[in-house]
Amino acid sequence: KSLLAYLKKHKPAFVWGASATPYRSSPHNVYQLAKVMGITWDFVEFRYVFFRPQWFGPKMVWLPKEDAQSKARLLKALHKFCDVVSADEAGLPPDDVFQEEFFELTREQRHAINNVQCTESLPVTRYCFEHQVAQGFLKGNEFEASQTFKNEKVARIVELAEEHPAMLIFARYNGQIHAIAEALRKKGHTVGVLTGDTKDREAVVRDSDILVCNTALGEGWES
């Protein structure tokens with residue numbers, strides 16, 4: 001938003017997208033990048049092409065389409081204002097290097113999810129709370145304090161930190177981020193936290209061996 005406001009105010013003759021910095025490839029990010037590059041697509045038409053409606057009870061949200069045809073159309077749209085290279089051309093690791101791990105919920109987490117299912121009637125709210133609990137954290141409100149739950153993800157992160165002393169960790173929720181950071185600090189690691197509340201981000205990056213970052217700040221990283 002700040003960049004678009006700057007372009008609108010100063011009206012530069014040229015906009016050069018010269019960075020090779022990684023950029024998120026979701027349709028929404030592509031739509032915003034096109035606006036930066038001076039291309040304005042009809043938002044409603046773009047949404048129907050690249051998103052699908054998903055109902056959570058009475059509430060409807062738009063989710064990106066994941067089929068091969070939609071991804072091919074998005075790639076074609078990108079070619080209108082930028083060059084696109086494959087992962088192989090960019091020298092990125094092959095897919096088999098990216099490993100997925102799955103974790104069982106702890107007894108404490110299962111109990112918390114059962115409570116959510118008994119107390120929350122709106123499906124979308126219930127889904128959000130269940131997702132938080134699965135990450136080991138449940139945000140509080142004016143009546144209840146925030147909660148953290150023992151979970152296998154944090155234990156695995158601490159284990160990986162013993163093998164890899166320099167790490168970049170992304171997490172969805174700020175409470176989850178602080179729980180991960182606290183667990184790592186107890187093991188003697190120098191940990192920095194990057195959220196929307198972080199003031200001097202450059203100093204945090206410079207002074208930390210391990211960074212725990214909110215996924216909302218997941219664009220623009222260079223190794």
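Does K11 count as buried or exposed, and at what relative accessibility? At 65% relative accessibility, K11 counts as exposed, a class that requires over 50% relative accessible area, with buried meaning under 20% and partly exposed lying in between (1.4 Å probe, protein chains only). The model is predicted, so local features need pLDDT of at least 70 and side-chain atom pairs count only at pLDDT 80 or more, while totals for chains, interfaces and linings use all residues. Residues are numbered from 1 along each chain as its sequence is written, and side-chain values use heavy atoms, with hydrogens and water left out.

**Overall**

- The secondary structure comes to nine helices and seven strands, taken as DSSP runs numbered from the N terminus (helices H or I, at least four residues; strands E, at least two).
- Along the principal axes, the C-alpha atoms fill a box of roughly 55 × 45 × 40 Å.
- Of the 223 residues, 28% count as buried.
- Among contacts (heavy atoms within 4.5 Å) between residues at least 6 apart in sequence, 48% join residues at least 24 apart.

**K11**

- K11 sits in the loop between α1 (2–10) and α2 (27–36).
- Although K11 is not a glycine, its phi is positive, at about 50°.

**Helices α7 and α8**

- Helix α7 (residues 152–163) packs against helix α8 (residues 174–186) at an angle of about 45°, and their axes are 10 Å apart.
- That angle makes α7 oblique to α8, the class left after roughly parallel (under 35 degrees), roughly antiparallel (over 145) and roughly perpendicular (65 to 115).
- The axes are lines fitted to C-alpha atoms over the stretch in contact, and angles run from 0 to 180 degrees between N-to-C directions.
- The crossing of α7 and α8 is right-handed, meaning that the near helix is turned clockwise from the far one by less than a right angle.
- On the α7 side the contact is made by V154, I157, V158 and A161, and on the α8 side by I180, A183 and L184.
- By class, this contact has seven nonpolar, no polar and no charged residues.

**N214**

- N214 lies in strand β7 (residues 210–214).
- With 10% relative accessibility, N214 counts as buried.
- A polar atom of the N214 side chain lies 3.5 Å from the backbone oxygen of R172.
- Beyond its neighbours within four places in sequence, N214 is in contact with F170, A171, R172, Y173, N174, I177, L194 and T195.

Technical notes
Ala, Val, Leu, Ile, Met, Phe, Trp, Tyr, Cys and Pro count as nonpolar, Asp, Glu, Lys and Arg as charged, and the others, Gly among them, as polar. A polar contact is a pair of N or O atoms within 3.5 Å; within protein, one must be able to donate a hydrogen and the other to accept it, and residues adjacent in sequence count only if both atoms are side-chain atoms.
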